[in-house]
Amino acid sequence: EPSDPTMTGKTQTSNVTNKNDPKSINSRVFIGNLNTAIVKKGDIEAIFAKYGKIVGCSVHKGYAFVQYMSERHARAAVAGENARVIAGQPL
(Lines give C-alpha, C1' and ligand atoms only; values in the text may rest on other atoms or scores of the structure.)
Protein backbone atom coordinates (compact mmCIF):
# COMPACT_ATOMS: atom_id res chain seq x y z
CA GLU A 1 0.00 0.00 0.00
CA PRO A 2 1.56 3.32 -1.00
CA SER A 3 2.09 5.76 1.83
CA ASP A 4 -0.05 8.85 2.02
CA PRO A 5 2.15 11.97 2.26
CA THR A 6 -0.52 13.75 4.32
CA MET A 7 -0.21 11.19 7.11
CA THR A 8 2.09 12.18 9.95
CA GLY A 9 3.61 8.76 10.52
CA LYS A 10 2.37 8.46 14.10
CA THR A 11 -0.85 6.89 12.89
CA GLN A 12 -1.08 4.20 10.27
CA THR A 13 -4.85 4.13 10.03
CA SER A 14 -6.29 3.86 6.58
CA ASN A 15 -8.60 6.46 5.06
CA VAL A 16 -10.75 3.62 3.75
CA THR A 17 -13.85 2.90 5.82
CA ASN A 18 -16.35 2.02 3.12
CA LYS A 19 -15.42 -1.62 2.63
CA ASN A 20 -18.36 -3.63 1.38
CA ASP A 21 -17.60 -6.49 3.74
CA PRO A 22 -20.86 -6.97 5.70
CA LYS A 23 -18.89 -7.90 8.82
CA SER A 24 -16.92 -4.66 8.74
CA ILE A 25 -20.09 -2.57 8.47
CA ASN A 26 -21.02 -3.60 12.02
CA SER A 27 -17.67 -2.40 13.30
CA ARG A 28 -17.96 1.01 11.61
CA VAL A 29 -19.17 4.08 13.51
CA PHE A 30 -20.85 7.01 11.80
CA ILE A 31 -20.10 10.32 13.51
CA GLY A 32 -22.56 13.00 12.49
CA ASN A 33 -22.94 16.73 13.18
CA LEU A 34 -19.18 17.14 13.19
CA ASN A 35 -17.56 20.56 12.85
CA THR A 36 -15.00 19.41 10.31
CA ALA A 37 -13.71 22.96 9.85
CA ILE A 38 -12.19 22.57 13.33
CA VAL A 39 -12.11 18.85 14.07
CA LYS A 40 -9.52 16.89 12.09
CA LYS A 41 -8.83 13.21 11.51
CA GLY A 42 -6.22 13.09 14.28
CA ASP A 43 -8.68 14.59 16.77
CA ILE A 44 -11.33 12.00 15.94
CA GLU A 45 -8.83 9.16 16.24
CA ALA A 46 -7.61 10.50 19.59
CA ILE A 47 -11.18 10.56 20.96
CA PHE A 48 -12.27 7.18 19.62
CA ALA A 49 -9.02 5.20 20.07
CA LYS A 50 -9.82 4.48 23.72
CA TYR A 51 -12.60 2.08 22.65
CA GLY A 52 -10.45 -0.20 20.53
CA LYS A 53 -8.04 -0.47 17.63
CA ILE A 54 -9.04 1.85 14.78
CA VAL A 55 -8.25 0.41 11.38
CA GLY A 56 -9.70 3.26 9.34
CA CYS A 57 -10.97 6.79 9.71
CA SER A 58 -12.48 8.92 6.96
CA VAL A 59 -13.52 12.53 7.43
CA HIS A 60 -16.08 14.21 5.20
CA LYS A 61 -17.80 17.59 5.33
CA GLY A 62 -19.86 17.51 8.52
CA TYR A 63 -19.36 13.85 9.36
CA ALA A 64 -16.84 11.04 9.67
CA PHE A 65 -16.57 7.28 9.88
CA VAL A 66 -14.38 5.30 12.23
CA GLN A 67 -13.69 1.66 11.38
CA TYR A 68 -12.79 -0.60 14.31
CA MET A 69 -11.33 -4.08 14.38
CA SER A 70 -14.45 -5.42 16.06
CA GLU A 71 -18.15 -4.72 16.41
CA ARG A 72 -17.77 -4.72 20.21
CA HIS A 73 -15.44 -1.72 20.02
CA ALA A 74 -17.80 0.12 17.70
CA ARG A 75 -20.73 -0.41 20.07
CA ALA A 76 -18.70 0.82 23.03
CA ALA A 77 -17.72 3.94 21.10
CA VAL A 78 -21.32 4.70 20.16
CA ALA A 79 -22.45 4.21 23.75
CA GLY A 80 -19.62 6.30 25.16
CA GLU A 81 -19.56 9.20 22.69
CA ASN A 82 -23.19 9.66 21.64
CA ALA A 83 -24.18 13.33 22.24
CA ARG A 84 -20.64 14.29 23.25
CA VAL A 85 -20.02 17.94 22.43
CA ILE A 86 -16.99 18.58 20.22
CA ALA A 87 -16.19 22.09 18.94
CA GLY A 88 -19.58 23.26 20.18
CA GLN A 89 -21.68 20.63 18.41
CA PRO A 90 -23.22 17.50 19.94
CA LEU A 91 -22.37 14.35 18.00
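## T36 and the model

At 17% relative accessibility, T36 counts as buried, where buried means under 20% relative accessible area, exposed over 50% and partly exposed in between, with a 1.4 Å probe and protein chains only. T36 sits in the loop between β1 and α2. Helices (H or I, at least four residues) and strands (E, at least two) are DSSP runs, numbered from the N terminus. Leaving out residues up to four places away in sequence, T36 touches V59, H60, K61, G62 and Y63; a contact means heavy atoms within 4.5 Å.

The model is predicted: local features need pLDDT of at least 70, side-chain atom pairs count only at pLDDT 80 or more, and totals for chains, interfaces and linings use all residues. Residues are numbered from 1 along each chain as its sequence is written, and side-chain values use heavy atoms, with hydrogens and water left out.

## Confidence

The protein averages a pLDDT of 84, and 77% of the residues score at least 70. The pLDDT is the predictor's confidence in each residue, from 0 to 100. Over residues 1–11 the pLDDT stays under 50, and for these residues the model has five contacts beyond four places in sequence.

## Overall layout

The protein has three helices and five strands. From the N terminus on, its elements run α-β-α-β-β-α-β-β. Of the 91 residues in the protein, 36% are buried. Among contacts between residues at least 6 apart in sequence, 62% join residues at least 24 apart.

The accessible surface of the protein comes to about 5,700 Å², of which 56% belongs to carbon and sulfur atoms. Accessible areas come from the Shrake-Rupley method with a 1.4 Å probe; for residues, only the protein chains shown count as cover.

Y63 belongs to strand β3 (residues 63–68). With a relative accessible area of 31%, Y63 is partly exposed. Beyond four places in sequence, Y63 touches F30, I31, G32, L34 and T36. Y63 and N33 are 30 residues apart in sequence, while their C-alpha atoms are 6.0 Å apart in space.

The structure holds three aromatic pairs. Rings of Phe, Tyr and Trp (its six-membered ring) pair if their centres lie within 6.5 Å; planes under 30 degrees apart count as stacked, over 60 as edge-to-face and the rest as tilted. The ring centres of F30 and Y63 are 5.7 Å apart and the planes are at 35°, so this pair is tilted. The pair links distant parts of the chain, with F30 in strand β1 (residues 28–31) and Y63 in strand β3, 33 residues apart. For Y63 and F65, the ring centres are 6.0 Å apart and the planes at 85°, so that pair is edge-to-face. F30, Y63 and F65 form one aromatic cluster.

F65 is partly exposed, at a relative accessible area of 21%. R28 lies over the face of F65, 5.2 Å from the ring centre. A charge sits over a ring if NZ of Lys or CZ of Arg is within 6 Å of the ring centre and within 35 degrees of the ring normal.

In helix α2 (residues 41–48), the buried residues are K41, I44, E45, I47 and F48. Seen down the axis of α2, these residues fall within an arc of 165°, so they line one face of the helix. The arc is that of the directions from the helix axis to the C-beta atoms. The cover over the buried residues of α2 includes β1, β2 (54–60), β3, α3 (71–81) and β4 (85–86).

The buried residues of α3 are H73, A74, A77 and E81. Down the axis of α3 they fall within an arc of 100°, so they line one face of the helix. An α-helix has 3.6 residues a turn, so residues three or four places apart point the same way. The face of α3 turned away from its buried side carries the exposed residues R72, R75 and A79. Cover for the buried residues of α3 includes β1, α2 and β3.

## Positive phi in two loops

Most residues other than glycine have a negative phi. N33 has a positive phi of about 55° although it is not a glycine. N33 is found in the loop between β1 and α2, and is partly exposed, with a relative accessible area of 42%.

A83 follows α3 and lies in the loop between α3 and β4. The phi of A83 is near 75°, a positive value in a residue other than glycine. A83 is partly exposed, with a relative accessible area of 47%.
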